[in-house]
Amino acid sequence: MSTELPVPGRAVGGVTADEVEGLQRQVLTARASRILAWARRNSIWPVQFGLACCAIEMMAATASRFDISRFGSEVFRASPRQSDLMIVAGRVSQKMGPVLRRIYDQMLEPKWVIAMGDCASCGGVFNNYALVQGVDKLVPVDVYVAGCPPRPEALLYGFLELQEKIRRTGGRL
Amino acid sequence: MSSVARETLTLNMGPQHPATHGVLRLVLELEGEVILSARPVIGYLHTGFEKEMETRTYHQNIVFPPRVEYLATMIEEVAYVQAVEKLLAVAPPKRAQYIRVILMELSRIASHLVWLGTSAIDLNITSLFMYTFALRERILDLFEAVTGQRMMHGYMRVGGLQWDLPEDFIPRTRALMEELPGRVDEFETLLTDNLIWRERLEGVAILTAEDAVGYGCSGPILRGSGVNYDVRKAFPYSSYEDFTFDVPLGRRGDAFDRYTIRLEEMRQSRAIILQALDRLPGGPVTVDDRKVSLPPRRELVRSMEAVIHQFKLVSEGFHPPRGEVYAAVESPRGEKGYYLVSDGSNRPARVRIRAPSFSNLAALPVMIFRGFIADVVVAIASIDILLGDVDR
Amino acid sequence: MAAAGGPADAAAAALAAAVPGAVQEAQDFRGETTIMIAPEAIIDALAFLRDRAAPRFPFLTDLTAIDRLPAEPRFEIVYLLTALDPPARVCLKARLSGDAPEIESATPLWPTAEWLEREVYDFFGIRFRGHPELTRILMPDDWEGYPLRKDFPLVEEPVEFVGRVPKPPSRIIPDVPPKGS
């Protein structure tokens, strides 16, 4: 079998140069990791993990004015086993810590975490006995969105940053 | 002959659940689909507000109330601030009180819209969630225009407000109030005339009046069972006695009554807002007492005393007299009260937040006894639970 | 402003008459009536106010505690009752000493006391005799210590800064004791 490409005037294996050129305009090739990253970042489905006030802004981000589903998050799944992203929206109390870790463990790879709000990022206004001072003590966080609560636009910006991160690193099988 | 044993199924409706409106855990004991007992397990959002507020001055503490009740933030701020004002025996000027009423009623409408949207989406009426949140965004725009923040405003001050309303607030509010009845009627058409909604809500989660009183319920739950208690009417605060409005009552104490009450409360809130806008007095928005509120900036260049007052208030805070007060407001969930104990220092000795959702949730097992699992969702939605309130 | 001046004072006087030895002192502050009750008589006093007083106080609006460390008796249990007709509030308080504080439970009178007393137990360590299930309610079940006691610290985690050590938030504005103390 020959590996020569056909040239105008000389067909190879019954395929003419015109046909090859037409094919090159209809077929896209890319590395598998880039295709995976593209698919993953454009269809991130978060798990419903709204805890406190940030949850309300997260709900506002899913509502019609800010509309997170135009970025791919069509639904917020109730089950962690069906979701890719955990947006920790709100303060994590000592009692909730093990629950958060369990939900995170129940998610399937690849998974990401956005720490939304000051309480999830670092304990926020509350530096006391009752709260876990930052959810990164429990789960690895990919994006921190600051604010108390962050505006829905801020959450969307954090979401876009996560998409950028997945573009760069998220194509592993 | 073999003996037949009966077993009940213990089902955990865990802290992470789409229909628990927050981090509420219910341990249900089921016989088939019938609920024999429901045990709420709370504390998953406990933040230590009461301890935290003992370590800050009275002015610094204004930050915390909106994070307790994050859906009716203006109401919560007023609840705290008016308790401090009662302790100090300081009354904010009339204009500040009227503006507080307007913002509180807007907050109430916003909270009821969230309740309506989330209750509907629990029963899979997804479009209503979008409608109510879009309308709520208009109210949040107003809040942002006044305070700079959509949710955690920090706008109320001991003795008044942070600053006066912007110029376009009144016309924008009037425009929104023009639009509100049409939208609320639209929501009502989508729900009240909806057979599925009626079947799911009527006769479900019934709470008798004596149970409601025994469990210390307040707000639409109590009024749904027919007990006429609204803090705005019983213990008027912030000039509510100047306004005419009705307090809707229910008859059967089921989820449908609470739904109609909340819809009607939105209309009554609109009536209060329009009355307040019509009669909004002029004048200052903070009390003139230099021991309590900061002097205006232009005074600082002229008066040494003003500088000293400013310095003392900012670096130390005021010292209320020794004593205790309890001041309550009518939040969308019921009676929200702040019990402040002062020992004369610049920090409160004890801040107790009387949370309506805490008592209302205790009545949940009674509401859904012998109900179905599907009714639990409706019952929780009809309580309008707010976990920040329950757990503090 | 509570309409508590007239009716609540009358209730206090009636209480002193109906439950002898209960009322230790009564106080008015900012229009609110606070009555100090002997701990042994608290249930009788509450039952009287709920059932037989005029006006009747059917609501147990709140049940909480105050830690008065270093004053003795250390704990004060606060019962806030509300009447509807006419609207009135009254506050009953009972003082308990610091070691092994115990008081009779109000659950036979109001079902809401069950959770409220669990919360007081959770945060102050005060036990309620006759409570059906006195366990922690807001803190994790295996938590040690009673967070709202004055000797329980706030547990502030130090903030990591490069180059300087900032003040913990609760000490940015220090505690200034009352003047003349």
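In chain C, α3(C) lies across β3 and β4 of chain C and runs at about 10° to β3(C). Two residues are taken to be in contact if their C-beta atoms, placed from the backbone, lie within 7 Å. Angles run from 0 to 180 degrees between N-to-C directions, and axes are lines fitted to C-alpha atoms, for helices over the stretch in contact. Helices (H or I, at least four residues) and strands (E, at least two) are DSSP runs, numbered from the N terminus.

A word on the model before going on. It is a predicted one, where local features need pLDDT of at least 70 and side-chain atom pairs count only at pLDDT 80 or more, while totals for chains, interfaces and linings use all residues. Residues are numbered from 1 along each chain as its sequence is written, and chains are lettered from A and ligands numbered from 1 in the order in which they are written.

**The sheet of chain C**

Back to the sheet under that helix. It's an open one of five strands, in the order β1-β2-β5-β4-β3 (chain C), and the pairing is mixed. Strands β1 (23–29) and β3 of chain C sit at the edges, each pairing on one side only. Two strands pair if DSSP finds at least two bridges between them. On average, and ignoring direction, neighbouring strands of this sheet are turned by 20° against each other. Look at Ile77(C) for an example: its bridge partner in β5(C) is Ala94(C). Helix α2 (residues 42–52) of chain C also packs on this sheet, where it touches β2, β4 and β5 of chain C, and its direction makes about 175° with that of β5(C).

**Where the chains meet**

Chain C brings 36 residues to its contact with chain B, and chain B brings 43 residues. On the chain C side, the elements giving two or more residues are β2 (32–37), β3 (59–67), β4 (75–84), β5 (87–96) and α3 (113–124) of chain C. The most come from β3(C), with six residues. Sorted by class, this side of chain C has 24 nonpolar, five polar and seven charged residues. Here Ala, Val, Leu, Ile, Met, Phe, Trp, Tyr, Cys and Pro count as nonpolar, Asp, Glu, Lys and Arg as charged, and the others, Gly among them, as polar.

Chain A and chain C also touch, with seven residues from chain A and seven residues from chain C. The chain A side of that contact has one nonpolar, five polar and one charged residues.

**The sheet of chain A**

Chain A has an open sheet of four strands in the order β1-β2-β3-β4 (chain A), with parallel pairing. Its edge strands are β1 (46–47) and β4 (143–145) of chain A, and each of them pairs on one side only. Two bridges link β1(A) to strand β2 (residues 85–89) of chain A in the parallel sense, and Val47(A) stands opposite Met86(A) in β2(A). Helix α3 (residues 53–62) of chain A lies across β2 and β3 (112–116) of chain A, at about 130° to β2(A). Helix α6 (residues 152–169) of chain A packs on the sheet too, touching β3 and β4 of chain A, with its direction at about 170° to that of β4(A).

**Two helix pairs**

Two packed helices are described by the angle between their axes and the distance between the axes.

| Helix pair | Axes come within | Crossing angle |
|---|---|---|
| α2 (residues 32–41) and α6 of chain A | 8 Å | roughly 165° |
| α4 (residues 94–122) and α11 (residues 255–278) of chain B | 9 Å | roughly 155° |

The angle for the chain A pair makes α2(A) roughly antiparallel to α6(A), and α4(B) and α11(B) are likewise roughly antiparallel to each other. The cut-offs are under 35 degrees for roughly parallel, over 145 for roughly antiparallel, 65 to 115 for roughly perpendicular, and oblique for the rest. As for handedness, α2(A) passes α6(A) in a right-handed crossing, while the crossing of α4(B) and α11(B) is left-handed. A crossing is left-handed if the near helix is turned anticlockwise from the far one by less than a right angle, and right-handed if clockwise.

In the chain A pair, α2(A) makes the contact through Ala37(A), Arg40(A) and Arg41(A), and α6(A) through Gln163(A), Ile166(A) and Arg167(A). By class that is two nonpolar, one polar and three charged residues. In the chain B pair, the residues in contact include Tyr98(B) and Trp115(B) of α4(B) and Met266(B) and Ile273(B) of α11(B). That contact has 11 nonpolar, two polar and four charged residues.
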